[in-house]
Amino acid sequence: MLIRRVAFYLLALLVAVTVSFFLPRMVPGNPVASELAVVSARGECTPACVEAVEARFGVGADAAILRSPAPTAAAFSVGGGAAGLFRTGKPVTVGQETATVQSVNGERITLTTPLAAVPRPGTTVTQNLAPGLIVQYFQYLGGLFQGNLGVSYFEGSQPVTTLIGTYLPWTLGLLGVATVLAFVLGTGIGVLVAWRRGGRMDWLLPGATFFQAIPPLFLSMVMVAIFATAAHWLPTGGAYDATDQPSWNLGFIGSLLDHALLPAITVVLFSMAGFMLGMRNQMLTTMDEDFVLVARAKGLPTRQVIWYAARNAMLPSIANFSIAISLVVAGQLLVEIVFNYPGIGELLFKAVTGNDYPLVQGIFVVIVLVVLVANLLADAVYVLVDPRAGQEA
Amino acid sequence: MSPEIAPLATVTGGGPDPVAVPPRSRAVVLPRSPRIWVGVGIMVFFIIFAIVGPFIRPYNPNYIDKAWVSVTCSTGPGTCIGQTKDGVAGTTVPLVQPYGPSGAHPLGTTVLGSDVWSQLLSSTGPTLIVAFLAALIATLLSVVVGVSAGYLGGNADEGLSLFSNVFLAIPGLPLLIVLASYVPGADTSAVVVGLIVALTGWAYGARVLRAQTLSLRNRDFVEAARVSGEGRLRIILVEVVPNLLPIIASSFLFTTLYAIGAYIALAFLGLAGAPNASPAGPWNWGIMIQQAYTQSAINSGWWWWWVPPGIAIALVGTALALMNFGIDEFVNPRLRAAGLTRRAARQAGISVRPTLGFTEVVRRGEAPAAAAAAVPAGGGGPS
């Protein structure tokens, strides 16, 4: 059963990666030019950034690329000793001192010196055509396999993997603790509410519904406004005090916990409600099963009867964990942004607002990976708690 | 499931005899739970709000008070008169603090002097349109995929289930972000955003609908239709889908809730366009929250700027959840009994003590005696 699940998750990962590969290349026009246009609109795209864009779309270093927005000769960057521009894919001949090439917009543009590295007169400069899409795709997959997610346009042209590596541990820590807490608390309260139906604990139901309806974004803003800005109980954001040096002493760990508390409570609050309502509804159904009645009739202590029922009612919760975890992750990304918590959400916000496409896609792939691994863990737990699942298929 | 087995006598006449159906059976068709009506009430309120909003707004939501536009501090703190933050040399700070709620501005103003109430009025429509549009498309998709998977079975089922499970496993928001950053028009058109949101939100509904279709497929009435030679499409449309209506409705509400959250998140990330950018995108609650957030309204205590859209989202979300609750109780009678308060339960004549093995099915609108006698209320579901 687990092997089938692993195969399925690999397929899901492949689909996600494929979407993220082909989507930018489906945009009408030249992907490099359109990407450069968007990127440059936000800020200066340095030569390193241009190179990153070219590299991403498989255009080699000896290609001259139109730098937007102004389609003038001066806007060409020439690297590696050749000039040429192309949408047509036809070779261009470089004349004495000038070269006429067709720009990505279809205009004909004359390149003149002082281009540092104009090729010798008479040589034919062929466009460094990008390899076919399919070849690129497999190169991309191969790169992914080696942990290569490309280079960030900004952020000092760091490899995306390095950037994600510095932000991911914060997210995983927060996500792990908060999800486990939310699951345990939500499930536990759900059991109690179902058991004492019609009792005083029923007021939790509208409460949970409300928390489920509040978007995590707004909830975290309210938390900041109340507990950090107004009451000054907890810090408004960040992962630790700027004055603290990261080290493993008590003071620093205290600062870490201090800063993690509010975001963690927020994540627990909005994700707990779903677990609770689901568990309560399932528990109500399970309580009517015959085996619960038998357990009760045999005179087992109430606590044990609840445990028998709860164990069985919990199965759908675990089975549906994949849906829950997607929502929790989505919510947590937004929580991190509001709290300036240096996790993947914060990085994603920077990447999205700065149009740092390789970073956006790298983060997408990594989040998908994290979610799928979490799903796999939930599956493994499911097989442990329900032996029937292991025997199927 | 909803369809109660109608008494034989009402069926044999070639259709239900209107006289034979007791009038109180309508009570089951229209749930009377106060929850659902509170939900419907809130929803109707917001829909009216969205329709009249653009006509009753007192100011142009894009209006910027020129005198309020930021100034650049030349020297250190204290040189920008009326500023709200410590002026660091060279940084741009807001010139004045936004107005709090007052008679002229019921919800105060933004830091640029725009009227928050007018922004809220202009934002409701686009937000709801995107949400409902996305939910409509997603629900259609999930019905098509889920019902065909469940009804056709075999390889078609395998393929379609795999397809929806893959979509379910890929986390929605990140996929949404990748889609929205590339699909042209996502920043100006509510329709495009709605489409993208729908694309990421249909899979759960498809899964639920498939499961339910599987259980319906071999019921007697479907078998009967098959034996009597009805076409496959007709069976699906006339026999199966009507019995799925409560679940489809629930899935629609659930998706609407998801779509609002997704749209807000996209707008917050700056992917759904801005009304004061060119080309201009529509106003929505997410963009209001984003503008407040980026102008640090939260840490500055300007709550009137970001709380109203937040409350609006929470209220619409609660309304959807309440309506969903009503449908859940309608579909699963056990939840109906469990959701009662003690007093209401006593009135309905059932015990809510934690009795095991038996949860009474409450039929509102009937005398307790009738409920106890478990008279089948005919016409429980359209079948």
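Chain A is built from 14 helices and six strands, where helices (H or I, at least four residues) and strands (E, at least two) are DSSP runs numbered from the N terminus. The model is a predicted one, so local features need pLDDT of at least 70 and side-chain atom pairs count only at pLDDT 80 or more, while totals for chains, interfaces and linings use all residues. Residues are numbered from 1 along each chain as its sequence is written, chains are lettered from A and ligands numbered from 1 in the order in which they are written, and side-chain values use heavy atoms, with hydrogens and water left out.

Confidence comes as pLDDT, the predictor's confidence in each residue, from 0 to 100. For chain A the mean pLDDT is 72, with 68% of the residues at 70 or more. One stretch, residues 60-129 of chain A, stays under 50, and there the model has 130 contacts beyond four places in sequence; a contact means heavy atoms within 4.5 Å. Taking contacts in chain A with a separation of 6 or more, 68% are between residues 24 or more positions apart. Of the 393 residues in chain A, 50% are buried. Here buried means under 20% relative accessible area, exposed means over 50%, and partly exposed is in between (1.4 Å probe, protein chains only).

Helix H1 of chain A is a handy place to start. Its 25 residues should span 36 Å at 1.5 Å a residue, and the end C-alpha atoms are 35 Å apart, which agrees; the expected span is 1.5 Å times one less than the number of residues. The buried residues of H1(A) include Phe8(A), Tyr9(A), Ala12(A), Leu13(A), Ala16(A) and Val17(A). An α-helix has 3.6 residues a turn, so residues three or four places apart point the same way.

H1(A) also takes part in one of the four salt bridges found over all chains. A salt bridge is a side-chain nitrogen of Lys or Arg within 4 Å of a carboxyl oxygen of Asp or Glu. Arg5(A) pairs in this way with Asp379(A), with 3.1 Å between the closest N and O atoms. The two sit in distant parts of the chain, Arg5(A) in H1 (residues 2-26) and Asp379(A) in H13 (residues 357-385), 374 residues apart. Arg5(A) is partly exposed at 26% relative accessibility, whereas Asp379(A), at 13%, counts as buried.

Arg210(B) meets Asp157(B), the closest N and O atoms being 2.7 Å apart. That pair joins helix H8 (residues 203-217) to helix H5 (residues 154-169) of chain B, across 53 residues of sequence. Arg210(B) is partly exposed at 25% relative accessibility, and Asp157(B) is buried at 11%. Another pair, Arg234(B) with Glu230(B), has an N to O distance of 3.2 Å. Both partners are partly exposed, Arg234(B) at 46% and Glu230(B) at 22%.

Back in chain A, helix H12 (residues 344-353) has eight of its 10 residues buried, so it is largely enclosed by the rest of the structure. Among those buried are Ile344(A), Glu346(A), Leu348(A) and Phe349(A). The buried residues of H12(A) pack against H5, H11 and H13 of chain A, and also against helices H6 (172-182), H10 (232-268) and H11 (285-294) of chain B. Just after H12(A), Asn355(A) has a positive phi of about 55 degrees.

Ser220(A), in helix H7 (residues 216-230) of chain A, is buried at 0% relative accessibility. Beyond its neighbours within four places in sequence, Ser220(A) touches Thr266(A), Val335(A), Val338(A) and Phe339(A). Val267(A) belongs to helix H8 (residues 250-287) of chain A and is likewise buried, with a relative accessible area of 0%. Setting aside neighbours within four places, Val267(A) contacts Ala178(A), Val328(A), Gln332(A) and Val335(A).

Finally, the cavities: the whole structure has three of 30 Å³ or more. On a 1 Å grid over the protein atoms alone, a cavity is a set of points where a 1.4 Å probe fits but cannot get out, and lining residues have an atom within 4 Å of a point. Grid points are joined across faces, edges and corners, and a volume is the space filled by probe spheres set on the points. The second largest cavity holds about 90 Å³. Its lining includes Leu168(A), Gln332(A), Ile344(A) and Val370(A). Helices H5 (160-195), H11 (321-338) and H13 of chain A are the elements giving two or more residues to that lining.

Technical notes: 1 Å grid on protein atoms, 1.4 Å probe; cavity = no way out; pocket = protein on both sides within 12 Å on 5 of 7 lines; lining within 4 Å.
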